[in-house]
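Here is a quick tour for anyone opening this one up for the first time. Have a look around, then read on.

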Amino acid sequence: NKDHLLSYSLIPISEEEPDRDVLERYEVIQLFLKESKSFGAQRSASEAKASAIALDNLSRNAGYPDVIRLKWEMEARKMEEVLHLLEPMAIEEIEVKLAIDENGRAEIAVAKNGKALKSLPSKYNKHPYVATLKETVSSLRDQFKRAKAEFEKCMEAESSFTHTELANLMRNPT
């Protein structure tokens, strides 16, 4: 519901875990926006506008100077949460891990006896860790699309970034 989404972004931020609270709200707004694309053009446009307003409200509520700064900070935090998945995990005779190529695209890397496999054997598809990896890959692909669109908007608007903001952007491989 658009009204709930707009209200959710205006609720005062938790004082115990403000960073976690802002990230959770950001993820809810992004999920709402993603799901809105499955509806008709008019509803999709209306919900996209509501999402933009909710992000703007959240950025002001969380103390960011603008929505762009909020988005980049949240995307960097989301990446920090999945860094542990870049380490290989042994599942029976294979090792699986999250891999990010030089272009920033995420995928699942699989190795057996030190040799890279082209794909994940189907018997591991339902393993809980593999399911987590698949969900993370999907999330990172969505993040990649959002980041690309945001970079284009920043370039068109000739936005400037501080040294700290650029350093944070450079830490994110997607």
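Which helix supplies the largest share of the lining of the largest pocket? That would be α5, with 14 residues.

## Ground rules

This is a predicted model, so local features need pLDDT of at least 70 and side-chain atom pairs count only at pLDDT 80 or more, while totals for chains, interfaces and linings use all residues. Residues are numbered from 1 along each chain as its sequence is written, and side-chain values use heavy atoms, with hydrogens and water left out.

## The overall build

The protein has 6 helices and 4 strands (DSSP runs numbered from the N terminus: H or I of at least four residues for helices, E of at least two for strands). Start at the N terminus and the order reads α-α-α-α-β-β-β-β-α-α. The C-alpha trace spans about 50 × 40 × 35 Å along its principal axes.

Of the 174 residues, 35% count as buried (buried is under 20% relative accessible area, exposed over 50%, partly exposed in between, with a 1.4 Å probe and protein chains only).

## The largest pocket

Back to that pocket: about 970 Å³ of space lies in it. A pocket here is an open set of points on a 1 Å grid over the protein atoms alone, where a 1.4 Å probe fits, with protein on both sides within 12 Å along at least five of seven lines; lining residues have an atom within 4 Å of a point. Of the 35 lining residues, Gln-30, Glu-75, Lys-78, Asp-142 and Arg-146 are the closest to the centre.

Besides α5 (128–157), helices α2 (18–36), α3 (41–62) and α4 (67–82) each supply at least two lining residues. By class, the lining has 14 nonpolar, 8 polar and 13 charged residues (Ala, Val, Leu, Ile, Met, Phe, Trp, Tyr, Cys and Pro are nonpolar; Asp, Glu, Lys and Arg are charged; the others, Gly among them, are polar).

## A closer look at Asp-142

Asp-142 is found in helix α5. Its relative accessible area is 19%, so Asp-142 is buried. Its side chain joins that of Lys-34 in a polar contact of 2.7 Å (a pair of N or O atoms within 3.5 Å, one able to donate a hydrogen and the other to accept it; residues adjacent in sequence count only if both atoms are side-chain atoms).

## Two loop residues

Most residues other than glycine have a negative phi. Glu-92, in the loop between β1 (89–91) and β2 (94–100), has a positive phi near 55°. Glu-92 is exposed, at 64% relative accessible area.

Asn-113 also has a phi near 55°, and lies in the loop between β3 (106–112) and β4 (115–117). With a relative accessible area of 72%, Asn-113 is exposed.

Note on methods
Grid points are joined across faces, edges and corners, and a volume is the space filled by probe spheres set on the points.
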